[in-house]
Amino acid sequence: MRTLLLSALFLVLSSIGVMAQEPYKNPKLSPAQRAADLVARLSLKEKIALMQNHSPAIGRLGIPAFPWWNEALHGVGRNGLATVYPVTIGMAASFDDALLQQCFTDVSDEARAKNTEARRSGKLRQYAGLSFWTPNINIFRDPRWGRGQETYGEDPYLTSVMGLAVVRGLQGPASARYAKTLACAKHFAVHSGPEWSRHSFDIESLPARDLWETYLPAFKALVEEGQVAEVMCAYHSMDGKPCCGNSRYLQQILRNEWHFKGLVTSDCGAIDDFFSPHGHHYAPTAHEASAKAVLAGTDVECGSSFRSLSEAVEKGEISESRLDTSLCRLFEARFRLGDFDADSLVAWTQIPMSVVASAGHHAHALQMALESMTLLQNRGGLLPLHPGQRIVVLGENAIADTAMWGNYNGFPRKTVTILDGIRKRAPQAVYLPGFNLMIQQASVDNASIKRADVVVFVGGISPRLEGEEMSVDLPGFRGGDRTSIELPSAQRKVIGLLHDMGKKVVLVNCSGSAVGLEPETRNADAILQAWYGGEAAGEAVAQVLFGEFNPCGKLPVTFYRNTEQLPGYEDYRMQGRTYRYLQDKPLFPFGFGLSYTTFSLSKPSYANGKVSLTVRNTGKRPGTEVVQVYLRRLDDTGGPIRSLRGFKRVMLQPGQKAEVSIDLPRKNLTTWDAGTNTMRFVPGEYVISAGSSSAESDLKSVKVTLQ
């Protein structure tokens, strides 16, 4: 009897304990319910502190610290050891969204393991959090933009597909109880340089068509289809209002039209630009700028201006209840991560540190690097090379391991340089120093060069020259951007001299953007676009050079002939830009990439929302073709020449053929309707094209009437 009484008393006391538990501590309640309860318990001072990037711990409520700013553009960044995948634009060249999602599943594994270890050790510092400011889904409209290497290229559809893969890999399955990490779509909206004037630059009178058909589709897709957790507002202004204070974009479009439920973060220091003497002159003081930013829709700030929100509340510039709206968004995100719950409830916390820089993740980094390799020229079938050839390797990028890491990078266990990869197969290969990116310090009149069967020149540019707001002032470069897209003159001269000597030349071009290579198409026999290939860059380059892997990368950007082919850099109109609006013939078109085999593609047919065609490997090697589907509305005279609306990777053995079907659903048929100033499906006559690149000569087309 005594045992029964004690048991009953225990149950009563347990029930009282559950009833007395604060709702925000109850994992059975929804994140919205928990957030509302917690926000109601905060003081104004605490609220303001929690709306800043370095969100502090609040001991009296058991709120843990939370660093909002973390990086993962192509691997966990700035947080010690991590797997380093190819730079983002290189991953875009794979046209392999399934592999990309796998890579970012790896990234979120490493992120979770690092975060769990940091929390348990009491050392949760900057870049060890679970909010990742990636992917960068801005459109790479101009190759002079130094941050274009962070994007998925110039095409809205490709950017949307790849961006969605990143979000799914980072955030985990939508059906999971807790989010794995938080992804962030940036930089909203339209941003793509210049770096040197981004804190004061204003994009005025952008045609509505360009805004809705080019710059916004990827953001719309990630919000509506991907349920991305965060959106970052950009530095610049749109029609006189800074993006982080622009209610048209942050409220009308993002929340009202797209029904975004997540949070908006500022870029770092963007609120300062509202009142800085060198900024937008949008507000006279920090407190007025902060009030305007929050009222427009910015929820968390990377910077220090939000400290003045207490003064803004005191002066009546913003209400405390409006701060609560933002705080509820922030805490809903944190509750979705399980940030307040026991590790035993959050399955992601069981991911061990052994996944970090693991062999399996390295294998994915290598596969992605291989698929990113884009063969642009192979005159006379010079490639693949033979291990027994007399090979001379020139160029600074052959030994530059850190250049292969790109920007916003992690730190790999080991980097395979391009020279490492070549010498693994051809130990006799001679490397000659002195052929740097910008300055030629050695002579081509060298005995080794004279005896060489082939010279591999590993050149291009470097993340030290192109990137985010950099202090670079060299010929052709300015502040992280470029003023000229040409291959640096020192390299151009050397390659020309090698050609004049009668040497067979392979140019391996490393860059995060398109480089003007018109003279090099004459002076080099083969050109391999290698991007910045990550920790496995050298192995991937060598496997392609020696024929162990058949290249299948496709350009996610147009390679223009020269700088003169480009419109003005500060002109955001799409006229004359990218494959969709370029009237001249480019050097290499969007979607282009050669193989060591050949393929034939039949004329496509269209029925029931699918494009069908036959693809045959007509060469002597197994290979992968990326079949691309483009769309054009015939009576849309002001529209794009054609636009990518679908693609599929097809691997075939020699002589093998395959029937390929690519979905072309109604949502992929939307175009700009000038009559209604909206993106919608417009019934009428269309041209559907399928082929191996965006060039007319590489496509076969069919006219269809769509209703």
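1. Strand S22 gives the largest share of the lining of the largest pocket, namely seven residues. This pocket has a volume of about 1000 Å³. Among its 38 lining residues, Tyr-157, Ser-160, Glu-225, Lys-667 and Asn-668 are the closest to its centre. Two or more lining residues come from each of helix H5 (97–121), helix H6 (156–171), H7, helix H8 (217–224), S22 and strand S23 (657–663). Helices (H or I, at least four residues) and strands (E, at least two) are DSSP runs, numbered from the N terminus.

2. The model is predicted: local features need pLDDT of at least 70 and side-chain atom pairs count only at pLDDT 80 or more, whereas totals for chains, interfaces and linings use all residues. Residues are numbered from 1 along each chain as its sequence is written, and side-chain values use heavy atoms, with hydrogens and water left out.

3. The lining of the largest pocket comprises 17 nonpolar, six polar and 15 charged residues. Here Ala, Val, Leu, Ile, Met, Phe, Trp, Tyr, Cys and Pro count as nonpolar, Asp, Glu, Lys and Arg as charged, and the others, Gly among them, as polar. On a 1 Å grid over the protein atoms alone, a pocket is an open set of points with protein on both sides within 12 Å along at least five of seven lines, a cavity is a set where a 1.4 Å probe fits but cannot get out, and lining residues have an atom within 4 Å of a point. Grid points are joined across faces, edges and corners, and a volume is the space filled by probe spheres set on the points.

4. The second largest pocket holds about 600 Å³ of space. Of the 29 residues lining this pocket, Gln-171, Ala-174, Ala-179, Gln-227 and Arg-336 are the closest to its centre. Helix H2 (31–39), H6, H8 and helix H13 (320–337) are the elements that contribute two or more residues. By class, the lining has 15 nonpolar, six polar and eight charged residues.

5. H2 and H13 also pack against each other, at an angle of about 130° and with their axes 8 Å apart. Axes are lines fitted to C-alpha atoms, for helices over the stretch in contact, and angles run from 0 to 180 degrees between N-to-C directions. The two helices, H2 and H13, are therefore oblique to each other. In H2, the residues Pro-31, Ala-32, Arg-34, Ala-35, Ala-36, Leu-38 and Val-39 meet Asp-324, Leu-327, Cys-328, Phe-331, Glu-332, Phe-335 and Arg-336 of H13, contact meaning heavy atoms within 4.5 Å. This contact has 10 nonpolar, no polar and four charged residues.

6. The largest share, three residues, comes from S21. The lining includes Arg-209, Glu-213, Arg-632, Asp-636 and Tyr-686, and its residues divide into three nonpolar, three polar and six charged.

Methods: Parallel < 35°, antiparallel > 145°, perpendicular 65-115°, else oblique.
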